[in-house]
2 protein chains.
Amino acid sequence: MAIIVQKYGGSSVATIEKIKNVAKSIINKKNQGNDMVVVVSAMGDTTDDLINLAKEIATNPCKRELDALLATGEMVSSALLAMAIKDMGYDAVSFNAYQIQLTTNGTFGKSLIEDINEDVILSALLEGKIVIIAGFQGISEEGEITTLGRGGSDTSAVAIAAKLSGQCEIYTDVDGIYSVDPRLYKEAKKIDEISYEEMLELSSLGAQVMHSRSVELGEKYNIPIYVGLSCSDIKGTYIREVRGVENKPITGIAAVDSDVAITLKNIKYDITLLAEIFQAIAAKKINIDMISQTTPDNGVTSISFTIPKEELRECLVVLRGYAEEQQIFIDENICKFSVVGIGMKTTSGVAAKIFKLFSESNIEAKMITTSEIRITCAIKSEDKMKAVALVAKEFEL
Amino acid sequence: MAIIVQKYGGSSVATIEKIKNVAKSIINKKNQGNDMVVVVSAMGDTTDDLINLAKEIATNPCKRELDALLATGEMVSSALLAMAIKDMGYDAVSFNAYQIQLTTNGTFGKSLIEDINEDVILSALLEGKIVIIAGFQGISEEGEITTLGRGGSDTSAVAIAAKLSGQCEIYTDVDGIYSVDPRLYKEAKKIDEISYEEMLELSSLGAQVMHSRSVELGEKYNIPIYVGLSCSDIKGTYIREVRGVENKPITGIAAVDSDVAITLKNIKYDITLLAEIFQAIAAKKINIDMISQTTPDNGVTSISFTIPKEELRECLVVLRGYAEEQQIFIDENICKFSVVGIGMKTTSGVAAKIFKLFSESNIEAKMITTSEIRITCAIKSEDKMKAVALVAKEFEL
């Protein structure tokens with residue numbers, strides 16, 4: 001008998017009716033002879049509603065209390081799902097993080113999982129029970145309630161699958177992973193399988209299908225992750241180690257408008273100063289993405305980088321400590337356009353092909369960064385749709 | 001420095017605005033030099049809403065899962081209250097039952113508290129924190145979430161006060177305990193102090209101000225309980241050992257329409273048979289209150305008793321196993337009218353005075369039971385208001 005760890009997202013358990021449908025799907029797989037462990041998110045928009053409550057009550061809600069508050073959402077949906085299954089004549093039991101000792105490193109709001117007591121789960125399975133687990137939450141060694149960050153239930157599910165050596169299935173409101181967000185490019189094709197590395201790049205570039213940590217964990221423990229539409233037979237996407245040799249050079253495109261480019265012009269070329277600036281920005285937990293620097297000329301240089309738009313104000317406070325106001329240039333009108341593909345490791349000329357496409361269509365690449373499996377360009381926001389369509393067509397995505 | 005354990009009911013924390021007011025009240029007492037421990041109920045109608053969700057999802061919701069579900073309500077309000085206090089510049093921390101190891105005997109839906117780890121609370125107080133505790137919930141020795149029954153947060157508060165040797169203040173949406181429910185008798189007076197025994201009788205007779213278990217615990221550990229209106233200076237009621245000698249004979253009246261009287265006529269007088277019948281009813285967890293039996297005549301007897309109306313159907317199933325259909329008589333048109341007073345121990349003639357009042361006004365007492373400090377009569381429902389007014393006036397309640 002295989003152990004299957006399923007995860008159902010908030011939209012899949014948004015209503016009583018949907019919870020009942022999920023219960024039926026689980027029972028169906030149980031009847032096929034599988035041991036079922038199910039991780040659930042909070043119902044629908046519950047987490048957002050709770051965050052709004054917190055913001056109403058405090059201008060800057062205490063992180064410890066916010067985690068204690070948010071963890072309740074998953075406890076509600078897991079208890080309801082267990083009730084629904086029992087009502088259909090099958091035995092089930094819900095557990096919260098404390099009950100399975102899902103311990104974390106204790107960071108509020110974005111904890112990392114340290115361990116899980118699989119014995120509790122295994123003995124419930126041995127008794128023939130369907131096990132329902134509240135996702136997204138953990139317990140620190142000090143007994144504090146900690147959450148794993150938005151989308152963290154994915155990570156709960158993969159960690160539990162790793163611990164139980166089970167299969168992992170993530171069910172959500174999309175029917176798989178697409179080469180391009182279908183809202184940007186209607187003809188985007190669903191991907192049958194994608195490597196952990198590629199999925200990680202796409203997730204961190206703003207494709208919000210999967211919690212990045214869950215993909216990292218899947219790769220670390222080599223747990224294949226299936227992503228599909230809940231309560232349906234439509235074929236989804238497998239995230240796993242891809243061994244095929246005839247990969248396309250590009251697997252997917254991500255294009256996001258949520259970043260802003262900052263350029264420091266004509267600042268003194270001094271590597272110690274640069275390190276200091278970037279350290280000061282990092283100390284504010286501001287995520288820097290693309291960094292590019294010009295060749296120093298006469299002892300001065302220009303340096304550009306991107307950060308999320310909502311962190312601009314805080315970043316400027318830091319920068320003003322190091323540069324004159326007239327040296328700081330801000331470009332909010334950019335789109336971070338990325339292509340990702342493990343095939344790039346073996347296929348050369350991908351960058352050249354993309355730049356040729358861009359130049360033929362007058363799309364200017366303002367900044368460029370690359371890794372082994374991705375190329376990212378900052379282009380003008382208004383060129384986003386054109387760039388997506390051009391590249392997707394060229395590489396048959 | 002005194003330790004004050006306060007409890008705020010659901011109506012006192014029903015909205016963000018109300019939670020903020022509660023936070024201010026707590027801070028006020030903290031500033032007067034007290035160590036503050038605060039037990040909260042779920043916001044407003046949250047518990048009812050959760051019960052309704054459970055009923056929508058399952059015809060007979062699993063009790064274990066129902067407790068796991070209901071416990072979330074108090075976790076939400078305790079986290080929000082802690083946030084509100086911190087936002088006002090005071091340090092606070094919320095704990096759920098697991099975190100203070102509030103252990104219970106494990107009965108789902110109506111657990112009894114076994115112990116509390118007061119060290120967790122005391123060390124938070126030592127750090128200058130205001131401690132907020134999710135009421136109503138506990139953890140069994142097996143780590144199961146259990147609840148203490150409706151109104152159980154009162155019991156959480158008294159148990160914590162007992163453990164910390166603190167004072168106990170129960171805040172709610174009424175400004176104290178009245179001699180008679182003001183909805184039944186407008187001129188009812190607020191009671192300054194009432195003994196544990198009297199309060200217990202009134203609670204178990206349907207006066208829904210306090211959770212009975214909390215009063216029992218208060219008596220057992222001799223913790224005075226103050227009951228008052230939240231966030232106000234109106235003087236409330238103390239429940240404590242009353243030592244005064246000049247008590248009125250009657251402290252309060254309770255009158256409820258929620259019971260039904262059942263009479264078994266002309267059944268064989270056989271004490272073994274009677275014991276069997278009442279055992280069978282008890283096995284169904286049906287609460288029998290008044291029992292009265294006629295003198296046996298020619299080997300047959302009649303026996304009457306009252307049960308809550310909602311348990312009538314289940315009780316009849318039991319009775320049909322022991323009596324013919326034509327022997328079972330049901331009277332749904334009764335009011336259980338009780339007077340309670342510790343003064344009755346020393347004042348004779350209270351019953352005589354009440355029966356005289358009733359007979360002068362043509363109020364028929366269908367059944368009568370008494371204890372040392374209470375007299376209960378089953379009267380016709382339509383006589384309820386008249387009886388309340390007569391007795392309240394006579395005894396100056």
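Visitor: What makes up the cover over the buried residues of α6(B)?

Guide: The cover includes β10 (193-194), α7 (212-221), β12 (237-239), β13 (252-256), β18 (334-340) and β20 (374-380) of chain B. Contact here means heavy atoms within 4.5 Å, and helices (H or I, at least four residues) and strands (E, at least two) are DSSP runs, numbered from the N terminus. This is a predicted model, where local features need pLDDT of at least 70, side-chain atom pairs count only at pLDDT 80 or more, and totals for chains, interfaces and linings use all residues. Residues are numbered from 1 along each chain as its sequence is written, chains are lettered from A and ligands numbered from 1 in the order in which they are written, and side-chain values use heavy atoms, with hydrogens and water left out.

Visitor: Why is helix α6 of chain B called mostly covered?

Guide: Buried means under 20% relative accessible area, exposed over 50%, partly exposed in between (1.4 Å probe, protein chains only). Seven of the nine residues in α6 (196-204) of chain B are buried, among them Tyr196(B), Met199(B) and Leu202(B).

Visitor: And how do you know that Asn362(A) is exposed?

Guide: Its relative accessibility is 68%, so Asn362(A) counts as exposed. You'll find Asn362(A) in the loop between α10 (350-360) and β19 (367-370) of chain A.

Visitor: What is the phi of Asn362(A)?

Guide: It's positive, about 60°, although Asn362(A) is not a glycine. Asn266(B), not a glycine either, has a positive phi of about 50°, and Asn266(B) lies in strand β14 (259-268) of chain B.

Visitor: What is the area buried between chain A and chain B?

Guide: About 3,200 Å², with carbon and sulfur atoms giving 68% of that. Buried area is the accessible area (1.4 Å probe) that two parts lose on being put together, summed over both. Ile57(A), Met83(A) and Tyr98(A) supply 23% of the area that chain A buries against chain B, more than any other three residues. The contact takes 40 residues from each of chain A and chain B.

Visitor: Which element gives the most to the side of chain A that touches chain B?

Guide: That's α3(A), with 15 residues.
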